[in-house]
Amino acid sequence: MSLIDSHGRRINYLRLSVTDRCNLRCQYCMPAEGVAKLSHNDILSFEELRRIAGQAVALGIEKIRITGGEPLVRRGVVGFLATLAAIPGLKEMVLTTNGLLLREMAAELRRAGVQRLNVSLDSLNRETFANITRGGDLNQALDGLAAAEEAGFPAPKINMVVMRGINDGEVLEFAALTLRKACTVRFIECMPTRMEPGWKSLCVTGREVLEQIAQRYPLVPLDQSNTAGPARNFKIVGAAGTIGVITPISNEFCESCNRIRVTASGVAKGCLFGGEGVDLKPYLRCDDDKLREILSQIMRTKPSQHRLLNVDSAHAPFTMAQIGG
Ligand code: SAM
């Protein structure tokens with residue numbers, strides 16, 4: 001089964017958040033004091049999340065990304081992932097993490113059926129890393145990456161949010177990571193989720209990133225796979241790995257958007273910047289047909305494009321940790 005929305009897009013990708021809690025406080029993601037946490041009663045149980053995932057797969061979702069907050073801080077997450085991996089018809093189960101807990105957890109994640117990891121890493125400089133994450137330890141993140149490799153994970157996708165004057169001087173160093181390792185490094189434009197003044201000057205465009213890399217290395221574009229998401233992908237000639245740019249600000253990719261999101265409290269969103277979303281909790285008290293019906297409606301009626309840059313419909317500030325980045 002595959003689901004085509006009202007704008008002709010095939011919706012086959014679910015980002016499922018399991019928690020709003022995080023063990024870092026990245027500057028571009030959260031305020032220093034953190035955000036009001038969901039109460040335990042508001043967070044869906046693993047059984048409820050599994051049920052939503054199962055019905056979404058029945059509707060044509062082929063890939064599920066587990067996210068958060070930091071997904072690895074939720075107790076019992078590994079057992080939950082094993083139940084997801086067993087959903088018939090699910091082709092890909094992947095997870096996004098800041099890597100801090102991978103030393104302890106990489107091997108069991110692999111055994112539970114996680115196929116690939118995306119690791120957020122915004123700096124290779126100890127001080128800059130600590131500054132961006134407000135106290136995070138770069139060595140712990142790098143050790144987590146090493147643990148993932150030891151556990152047999154394929155080379156990860158490394159996500160770097162590029163910020164002018166903060167870590168944009170490291171673009172070439174990150175690009176060079178792909179020369180010998182088959183990893184993917186993805187440069188992400190910093191989004192104004194919290195609507196902070198001055199966000200425009202912080203945002204380094206994908207084009208600037210590519211120009212910087214192309215001045216040093218010959219770059220060739222690559223084809224997109226059908227579950228690859230919004231990145232435009234490239235390769236340095238002769239490199240083992242690949243480079244991607246994700247450009248929500250400078251170059252919308254809404255026409256190829258294939259995803260829906262479900263937050264840890266059960267709010268389903270067809271678009272990150274698409275308003276409040278639909279609370280699935282009441283539908284969890286109904287039978288599977290009703291739950292599938294509402295999920296199908298959310299998927300079919302995804303907005304044609306986000307309104308991130310439309311000043312007349314500025315969104316309410318939020319943190320990615322609340323929605324599931
Ligand atoms: N804790 C996990 C992690 O660090 O990957 C998963 C959650 S985190 C919210 C998911 C992704 O959202 C990270 O790659 C992070 O860099 C990205 N993100 C958060 N806020 C962002 C923003 N304002 N602009 C661009 N990316 C952002």
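Author: A contact here means heavy atoms within 4.5 Å. The model is predicted, so local features need pLDDT of at least 70 and side-chain atom pairs count only at pLDDT 80 or more, while totals for chains, interfaces and linings use all residues. Residues are numbered from 1 along each chain as its sequence is written, and side-chain values use heavy atoms, with hydrogens and water left out.

Helices (H or I, at least four residues) and strands (E, at least two) are DSSP runs, numbered from the N terminus.

Buried means under 20% relative accessible area, exposed over 50%, and partly exposed in between (1.4 Å probe, protein chains only). The buried residues of H1 are Phe 46, Leu 49, Ile 52, Ala 53, Gly 54, Gln 55, Ala 56 and Val 57. They pack against strands E3 (13–17), E4 (63–67) and E12 (259–262), and also against helices H2 (77–85), H9 (281–284) and H10. After H1 comes Gly 60, with a positive phi near 125°.

H10 covers residues 288–300 and holds Ser 296. Ser 296 counts as buried because its relative accessibility is 11%. Leaving aside residues up to four places away in sequence, Ser 296 touches Leu 3 and Leu 59. In H2 sits Ala 82, which is partly exposed at 35% relative accessibility. The C-alpha atom of Ala 82 is 8.1 Å from that of Val 114, 32 residues apart along the chain.

Elsewhere, Arg 134 lies in the loop between helix H4 (126–133) and helix H5 (138–150). Its phi is positive, near 55°, in a residue other than glycine. Most residues other than glycine have a negative phi. Arg 134 is partly exposed, with a relative accessible area of 34%.

Last, the cysteines. A disulfide is counted as a pair of cysteine sulfur atoms within 2.5 Å, and the count by this rule is 0. The closest cysteine sulfur to that of Cys 22 belongs to Cys 26, at 6.3 Å, so it is too far for a bond. Cys 271 is likewise in no disulfide, with the nearest cysteine sulfur, that of Cys 254, 6.2 Å away. Cys 22 is partly exposed at 23% relative accessible area, whereas Cys 271 is buried at 14%.
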